[in-house]
Amino acid sequence: MKLTLYNTLTRQKEEFKPLDGKTAGMYACGPTVYSTAHIGNLRTYLFVDWLRRAIKFENYSVNHVMNITDVGHLTDDADEGEDKLQKVAQEQRLDPWEISRAVTERFFQDTDALNIERPEIVCKATEHIKQMILFTAKLLEKGFAYQTPDGIYFDIAAFPEYGKLSRLDLEGQQAGARVEVNPHKRNPFDFALWKQAPKEHIMQWESPWGMGYPGWHIECSAMALQYLGERFDIHTGGVDHIPVHHENEIAQNEGYLGHPMVNVWSHGEFMLVDGGKMSKSLGNVYTLADLAERGFSPMHFRYFCANAHYRSKLNFTWEGLEAAKTSYERLFSAVQSHAGGTGTADAEPYLSQMREALLDDLNIPKALGLLWNMARQPEKSQAVFEAATDIDRVLGLRLGQAAEAHEETLPPDVQTLIEARQAARDSKDYAESDRLRAQLLEMGIEVKDTKEGQEYRKI
């Protein structure tokens, strides 16, 4: 069976094979680093991780590019409102560059804890302003953009296929539009490529059109072109990106190139909380640290997310996470019980079925169910253990690690020290790293450094 993936653009599952037959070029929309990623964000990055692992499971290489949006994402995705990072910086009276660095560091601490593989290329928007300016200039030159007193906008009238990803009824939308928020725009759906910055705006750059900063959508187009070229295999993100961000990317890309840039558009569904939307006003926006405070490890959350298909909504409840915790610990023990077993149980049929499930548009829940059936076999067999750890190359649940290294739920103060030590090592502050290691040892936690990062255990 070949790997098939659902393509949002065509609304059907398609057989996947890299354009060059060897390496899958993949662009993933990364975090906007103005606040800590919440569990809904992290579910999307888990989906992307399962996708890249499945591609590698098929013996293809992956060139995974992810952006860090550290400027230019407004509070309204349709180009109105304040820059999110600027807004937080003003509220907290902090340097936006400092905020973006700290939030980026926390993001990677969370994804590392979740066993999410890091992309081959991580690119910051602020380090690619030149590419965005050149991209915008070419769209102006080709007649796909126009200048106004407050910036440069893409003219969707110049791109008749606008709306093809989201199947947007543009005429109906326009007929129902009662207020055109920006009087300088020719069409309410025209979107910013470059915004003029007021003098008090901290993050701004020189451009042919005066001091300003890039629109959100141009960032991904310019960086995807820079690192993946004019055609690549997969572009991923959350379903919330379909109607605005990715629709606008397609318009920019095809206006600039004259042909499609992306073969497959792949999107992960929303996470709900108690059946509704996550909202700060409801107090239900949770982070990985919030989960740790209640005694849940990152692997418990990864397992929780593995029980729903990436194209299905997933409802988060504390009761559901508690059930996932119990189930994960039992699965880990069941798999471990087969290590070194001398039985003759045949694992190959299970492995074949699990592989088929994973290749069928990443049916992780089905593969997990099959893994349970295999692990429950009473006859203990090394073959079962090896099959489980083989399929775990995609699941990423750390089922094969030594039992003594099995991730345990740690108190928040210990988790904070472990994260601080990793940050010290990343910044090559080895004296601080050694001091924190000694402090953790006094608290009964032994830390070792490996090629994959820190490992720790209670002693």
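Author: Two strands pair if DSSP finds at least two bridges between them. Helices (H or I, at least four residues) and strands (E, at least two) are DSSP runs, numbered from the N terminus. The model is predicted, so local features need pLDDT of at least 70 and side-chain atom pairs count only at pLDDT 80 or more, while totals for chains, interfaces and linings use all residues. Residues are numbered from 1 along each chain as its sequence is written, and side-chain values use heavy atoms, with hydrogens and water left out.

In these terms, G25 stands opposite N63 in β4. Strand β3 (residues 23-28) and strand β4 (residues 61-68) run parallel and are joined by six bridges. Both belong to an open sheet of five strands with parallel pairing, in the order β5-β4-β3-β10-β11. At its edges are β5 (121-124) and β11 (262-268), each of which pairs on one side only. On average, neighbouring strands of this sheet are turned by 20° against each other, direction ignored; the axes behind that angle are lines fitted to C-alpha atoms.

The loop between α3 (96-113) and β5 holds N115. N115 is not a glycine, yet its phi is positive, about 65°. D361 is also not a glycine and has a positive phi, of about 55°. The place of D361 is the loop between α11 and α12. Buried means under 20% relative accessible area, exposed over 50%, and partly exposed in between (1.4 Å probe, protein chains only). D361 counts as buried because its relative accessibility is 1%.

Both α11 (348-359) and α12 (364-375) are among the elements that cover the buried residues of α13, as are α1 (39-57), α9 (298-306) and α10 (318-336). Helix α13 (residues 382-395) has 14 residues, which should span 20 Å at 1.5 Å a residue, and its end C-alpha atoms are 19 Å apart, which agrees. The expected span is 1.5 Å times one less than the number of residues. Buried in α13 are V384, F385, A387, A388, I391, D392, V394 and L395. Seen down the axis of α13, these fall within an arc of 160°, so they line one face of the helix; the arc is that of the directions from the helix axis to the C-beta atoms.

For the chain as a whole, there are 15 helices and 15 strands. Of its 459 residues, 55% count as buried. Contact means heavy atoms within 4.5 Å. Among contacts with a separation of 6 or more, 75% come from residues 24 or more positions apart.

Note on methods: Axes fitted to C-alpha atoms, helices over the stretch in contact; angles between N-to-C directions.
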